[in-house]
Amino acid sequence: MNEPQNQDNQEPVKPRSRGIYLLPNLFTTGALFSGFYAIVASMNGHFENAAIAIFVSMVLDGLDGRVARMTNTSSAFGAEYDSLADMVSFGVAPSLVVFSWVLDDIGKLGWFAAFIYVAGAALRLARFNTQIGSTDKRYFIGLPSPAAAAAVAGLVWAATEYEIDGSAYVYLIAAFVALVGVLMVSNVLYYSFKDVSLKEKVPFLILAGIVLAVGIISISPPAFLWILFLAYAVSGPLLWVMRKTKQKPTA
C-alpha cells in the first residue's frame, strides 16, 4: 500500500500522532476527580470533605500545567481537558456545595445565586481561553476561577469547622456567591504572580514571611485559607479604586 504523498514535493506525509501525554493529564484527572467527589460529598451532607476536595483540586490543577511545561509535554488536548476539568471543579462543584449547604433553604433565590456563579465561571474560562497570549501575563482579567472556588469553598469549610449556622446568614451568603460570580467576568485586574521566578534568589525576609504565613495558616486552615482567598478576591476591586483615584486630575 502506498504512503500518503504531499502534492507539492511528493514527500511522504507523517501520520498525525493520536496519543496523549500521560503525566500532566493524570494531574488533571485527579483535579477532576476531586471536583466530582466534592459534588457527591455535598449531596451526602459531608460539607467539610467537599470543601477540602475543592482545595485539593486547586493544588492538582496548579501542578498539571507546571508539570507539562517542565517536561515539555504541553498539548492542545491537555489545555482543553484542563479547561473542562476546571469547569467541573471550580464552577459546578463550588456552586452545588454551597447550594446543598444552605442556599437550598431560600428556594429560587438560592439556585439563582448558584447559577450566577456557575455562569460566571463558564464565561471566565471561555474568555481566558480566547485571550491566551494576547494579554499581560502579570494580571488576570477577572477573578480566576480557582480563587473564586476557594473563596466559596473556604466559607463552607470555615463555617462547618466552627459549627456556624449558615441559615442565619443565608441571604448574605447568596449575595456573596453571586458577587464572586460577577467578579469572575468583570474587567477587574488581579495579580497573577506569573512573573515570580522560583529559580531566582530572593531576600531572606521574603522566605521568612512565607514561613510565617504557613505557620499562621496551620493554626486554623479553614479560617485562614478562607481569609487569604477572600483578601485576594477583594484586592482586585481595591486596586481598581486606587488606580481610578490616582487618574483623577488634581485641581
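This section describes the fold, the nonpolar core and selected residues of a predicted model. Residues are numbered from 1 along each chain as its sequence is written, and side-chain values use heavy atoms, with hydrogens and water left out. In this predicted model, local features need pLDDT of at least 70 and side-chain atom pairs count only at pLDDT 80 or more, while totals for chains, interfaces and linings use all residues.

The protein has eight helices and two strands, taken as DSSP runs numbered from the N terminus (helices: H or I, at least four residues; strands: E, at least two). Along the sequence the elements follow the pattern α-α-α-α-β-α-α-β-α-α. The accessible surface comes to about 15,800 Å², of which 67% belongs to carbon and sulfur atoms; areas come from the Shrake-Rupley method with a 1.4 Å probe, and for residues only the protein chains shown count as cover. Of the 251 residues, 37% count as buried (buried, under 20% relative accessible area; exposed, over 50%; partly exposed, in between; 1.4 Å probe, protein chains only). Among contacts (heavy atoms within 4.5 Å) between residues at least 6 apart in sequence, 81% join residues at least 24 apart.

In soluble globular proteins, nonpolar side chains tend to be buried together. The largest nonpolar core here has 50 residues, a core being a set of buried Ala, Val, Leu, Ile, Met, Phe, Trp, Tyr and Cys residues joined through side-chain atoms within 4.5 Å. Phe55, Val98, Trp101, Leu103, Tyr117, Leu143 and Ile173 have the most contacts inside this core. Helices α1 (22–43), α2 (47–70), α3 (76–101), α4, α5 (145–161), α6 (170–185) and α8 (221–247) each supply at least two of its residues. The largest share, 11 residues, comes from α5.

Tyr117 lies in helix α4 and is buried because its relative accessibility is 1%. Beyond four places in sequence, Tyr117 touches residues including Phe90, Pro94, Ala148, Val152, Val177 and Met184. Tyr117 and Ala174 are 57 residues apart in sequence, with their C-alpha atoms 10.0 Å apart. Leu143, with neighbours up to four places away again left out, touches Arg124, Ala148, Val180, Leu183, Met184, Tyr190, Tyr232 and Ala233. In helix α1, Ala31 is buried at 3% relative accessible area and is in contact with Ser57, Leu60, Asp61 and Ser89, leaving aside residues within four places.

Arg127, in helix α4 (residues 108–130), is buried yet has no salt bridge (a side-chain nitrogen of Lys or Arg within 4 Å of a carboxyl oxygen of Asp or Glu). The nearest side chain of opposite charge, Asp86, is 14 Å away; Lys and Arg count as positive and Asp and Glu as negative, with His and the chain ends not counted. Outside four places in sequence, the contacts of Arg127 are Ile141, Gly142, Met184, Val185, Ser186 and Asn187.

Leu207 belongs to helix α7 (residues 204–219) and is partly exposed at 47% relative accessibility.

Two loop residues other than glycine have positive phi. Asn72, between α2 and α3, has a phi of about 55° and is exposed at 65%. Glu163, between α5 and α6, has phi near 55° and is exposed at 74%.
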